Amino acid sequence: MPGLTHSSMRDARDAEDNRLLENGEIDLLPAGWVETIDSRCVTKMRGPVGHDVAQVVCLRLWRELKDGKHRDGRWPFRVIVHQVIGYVCAGWYEKGWDEDPLIEIDSPTGDDFTSDVELQLTLEEFVVTLPPGDGEVARLWLLEGLEADQIAERLGKEPNAVYQARFRINTRLREWLES
Amino acid sequence: MRITPEQLLDDFVDRWTRGEPLAVDELLSRAGPQADELADLIDAFLERAPRREPTADAIAFVRSLDAPPLLRARQARKLKLDDIVAGLVEKLGLPENAREKVRRYYQELELGQLDPADVTASVWVALAGLLGRDAKGLAGVQPTAVSAPAMYRDADYANDLPEGALTMSLVAGLEVGPDEVDRLFGVTSSD
């Protein structure tokens with residue numbers, strides 16, 4: 001999706017996920033999430049067992065999609081993905097956890113399930129918390145995916161100034177991620 | 001100089017913005033004692049970031065999800081059936097002429113046609129080595145509280161068999177009764 005920022009890309013991805021759901025292209029839908037699922041499971045499980053966990057997450061999502069769940073688009077598919085990741089990782093070592101049905105997030109009473117999923121926090125929101133100079137560097141780096149030398153050229157700065165800005169941004173990014 | 005979680009997070013974000021493989025395992029390994037700290041940061045980042053374009057491998061993986069787990073694990077390792085068979089024969093210390101039967105039993109196990117509960121620990125350990133995964137779990141066998149130590153067979157395969165059995169069942173290809181391969185895969189009759 002050239003020309004899109006990562007933030008607008010997020011909206012675009014949600015729309016694309018909904019389109020895939022509506023068209024029944026359910027194999028492409030989880031495929032876009034495989035890397036996120038795998039990486040999150042490895043980080044949450046603190047090691048290679050995360051790859052096994054990720055496979056279960058993918059399988060669970062796949063089965064639910066095949067059973068026709070989530071087609072109403074009530075929740076963005078990404079919310080469902082992150083919910084299932086949390087559920088499977090948390091229960092991985094509990095005996096019999098996989099015999100229980102997944103939380104009925106599509107049910108009318110399923111609103112609470114989003115409580116541990118960040119629906120609104122996006123990288124764009126992080127960028128606007130930064131001072132203007134660093135914010136511009138962060139926007140080009142995080143939202144547009146430019147390299148440091150490209151950012152320097154775009155902003156008419158020395159590359160070293162961009163690296164220094166990135167150092168400051170990283171400190172703030174960490175605080176934001178930990179908040 | 002010790003690398004900090006911030007530096008590794010920076011590395012991770014660069015990979016993410018460039019569309020490169022994220023290789024989180026490697027980053028966590030580099031973080032050493034600060035791996036927990038880094039893991040939380042990466043996890044929080046991924047929870048807030050949009051997904052990337054699916055790769056061809058990811059699409060193939062999802063399309064394979066209907067396949068039995070052992071088969072998926074083998075495909076994930078890009079191993080052919082013959083690769084697994086050769087590995088099992090070697091790791092279990094079986095003679096070359098046992099390949100055909102090992103192939104048949106493994107294929108049945110992979111496709112869910114052979115009861116995994118009767119398969120011996122040696123086979124599961126060998127498969128775990130080949131697949132890099134807990135093959136027993138993949139096959140749907142519930143873990144037991146106390147598991148028996150896994151044992152590999154030595155290459156002196158004929159020593160444990162009744163005199164003449166090797167000649168009759170494997171060397172000559174005649175299956176007159178349960179042999180070592182049957183025992184390993186928990187098959188009581190060679191039908």
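## Helix packing in a two-chain model

Biologist: Which hand does the crossing of H6(B) and H8(B) have?

Modeller: This is a predicted model, where local features need pLDDT of at least 70, side-chain atom pairs count only at pLDDT 80 or more, and totals for chains, interfaces and linings use all residues. Residues are numbered from 1 along each chain as its sequence is written, with chains lettered from A and ligands numbered from 1 in the order written. Helices here are DSSP runs (H or I, at least four residues; strands are E, at least two), numbered from the N terminus. A crossing counts as left-handed if the near helix is turned anticlockwise from the far one by less than a right angle, and right-handed if clockwise; for H6(B) and H8(B) the crossing is right-handed.

Biologist: At what angle do helix H6 and helix H8 of chain B pack?

Modeller: Axes are lines fitted to C-alpha atoms, for helices over the stretch in contact, and angles run from 0 to 180 degrees between N-to-C directions. For H6 (residues 81-91) and H8 (residues 121-131) of chain B, the axes are 10 Å apart and the angle is about 130 degrees.

Biologist: And what does that make H6(B) relative to H8(B)?

Modeller: Angles under 35 degrees are roughly parallel, over 145 roughly antiparallel, 65 to 115 roughly perpendicular, and the rest oblique. So H6(B) against H8(B) is oblique.

Biologist: Which residues of H8(B) make the contact?

Modeller: Contact means C-beta atoms, placed from the backbone, within 7 Å. H6(B) brings Ile84(B), Gly87(B), Leu88(B) and Lys91(B), and from H8(B) come Ala126(B), Gly129(B) and Leu130(B).

Biologist: Over in chain A, how many residues of H3(A) are buried?

Modeller: Buried means 20 or more other C-beta atoms within 10 Å of a residue's own (exposed is 12 or fewer, partly exposed in between), with C-beta atoms placed from the backbone. The buried residues of H3(A) pack against H2 (28-31), H4 (49-66) and H5 (77-91) of chain A, plus H2, H3 and H4 of chain B. H3(A) is mostly covered, the buried count being 11 of its 12 residues.

Biologist: Which helix gives the most to the side of chain B that touches chain A?

Modeller: Here 34 residues of chain B are in contact with 38 of chain A. H1 (5-18), H2 (24-31), H3 (35-48) and H4 (56-63) of chain B each supply at least two residues of that side. The most, 11 residues, comes from H3(B).

Biologist: Is Glu110(B) buried or exposed?

Modeller: Glu110(B) sits in H7 (residues 99-110) of chain B and touches Pro68(B), Leu70(B) and Leu71(B), not counting residues up to four places away in sequence. With 23 other C-beta atoms within 10 Å, Glu110(B) is buried.

Notes:
Contact = placed C-beta atoms within 7 Å.
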